[in-house]
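My plan is to go through the model piece by piece and write down what I look up.

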Amino acid sequence: MRDALSLTDQAIAFGAGRLEEAGVRAMLGAVDHSHAAALVDALAQRDGPALLDRVNLLRSLGLSAGGTLEAMALLLQQMAVEQAAPGALDRELGDSGDTAEARRLAAVMAPDETHLVYSIA
């Protein structure tokens, strides 16, 4: 709990008195889930230039490769659940933006490709 309070104080100071998700992500070097979705989308569309552009953007922002892979793995897992049991994500996670993105991407990537990319991530 002490560590959580300390991080919260640091985040408030980092955000000049405001505690917002974007500021906390920047402070921690955490990857926004939209980056993972863009990478998976580029893979699904077989769009190599878009994939490399996103990788270069992540590199220029100094974001963690490990964090990006974790975010991708979570998204791909959600996609696989949606592909295997349509609607199950809504029951488990509710109707969040992440759920909607996983549902959208599940429709554009074949289940075997989802499993392969998940295994690689």
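**Entry 1: helix α3**

I began with the buried residues of α3: H35, A36, A37, L39, V40, A42 and A44. Buried means under 20% relative accessible area, exposed means over 50%, and partly exposed lies in between (1.4 Å probe, protein chains only). I noted the length of α3 next. It has 13 residues and reaches 18 Å from its first C-alpha to its last, close to the 18 Å expected at 1.5 Å a residue. The expected span of a helix is 1.5 Å times one less than its number of residues.

I also wrote down what I am looking at. This is a predicted model, where local features need pLDDT of at least 70, side-chain atom pairs count only at pLDDT 80 or more, and totals for chains, interfaces and linings use all residues. Residues are numbered from 1 along each chain as its sequence is written, and side-chain values use heavy atoms, with hydrogens and water left out.

**Entry 2: the whole chain**

Helices (H or I, at least four residues) and strands (E, at least two) are DSSP runs, numbered from the N terminus. The order of elements from the N terminus is α-α-α-α-α-α-α-α.

I looked up burial for the chain. The protein has 121 residues, and 26% of them count as buried. Its accessible surface comes to about 7,500 Å², with 58% belonging to carbon and sulfur atoms. Such areas come from the Shrake-Rupley method with a 1.4 Å probe; for residues, only the protein chains shown count as cover.

Contacts came next. A contact means heavy atoms within 4.5 Å. Among contacts with a separation of 6 or more, 56% come from residues 24 or more positions apart.

**Entry 3: the core**

Which residues touch the most other members of the largest nonpolar core? I found V40, L75, L76, M79, L105 and M109, out of 18 residues in that core. α3, α5 (65-84) and α7 (97-108) each supply at least two residues of this core. A nonpolar core is a set of buried Ala, Val, Leu, Ile, Met, Phe, Trp, Tyr and Cys residues joined through side-chain atoms within 4.5 Å.

Leaving out residues up to four places away in sequence, M109 touches V40, L43, A44, L76, M79, Q83, T114 and V117.

Is L39 buried or exposed? L39 is buried, with a relative accessible area of 4%. Its place is in helix α3. Not counting residues up to four places away in sequence, L39 touches L51, R54, V55, L58, T68 and M72. L39 and A50 are 11 residues apart in sequence and 8.1 Å apart in space, C-alpha to C-alpha.

I followed the contact to T68. This residue lies in helix α5. T68 counts as buried, at 6% relative accessibility. Its side chain reaches the backbone oxygen of S64 at 2.8 Å.

**Entry 4: salt bridges**

I turned to charged pairs. Side chains of opposite charge can pair when their charged atoms come close. A salt bridge is a side-chain nitrogen of Lys or Arg within 4 Å of a carboxyl oxygen of Asp or Glu. By this rule I list three salt bridges.

R104 pairs with D41, the closest N and O atoms being 3.6 Å apart. This pair links distant parts of the chain, with R104 in helix α7 and D41 in helix α3, 63 residues apart. R104 is partly exposed at 37%, and D41 is partly exposed at 22%.

E101 forms a salt bridge with R104, with closest N and O atoms 2.7 Å apart. E101 and R104 are three residues apart in helix α7, so about one helical turn separates them. Salt bridges that share partners join D41, E101 and R104 into one network.

E113 forms a salt bridge with R46, with closest N and O atoms 2.4 Å apart. The pair links distant parts of the chain: E113 is in helix α8 (residues 111-120), R46 is in the loop between α3 and α4, and they are 67 residues apart. E113 is partly exposed at 24%.

**Entry 5: R46**

I ended on R46. R46 follows α3. Its phi is near 55°, a positive value in a residue other than glycine. At 61% relative accessibility, R46 counts as exposed.

How values were computed
Polar contact = N/O pair within 3.5 Å; in protein donor to acceptor, adjacent residues only side chain to side chain.
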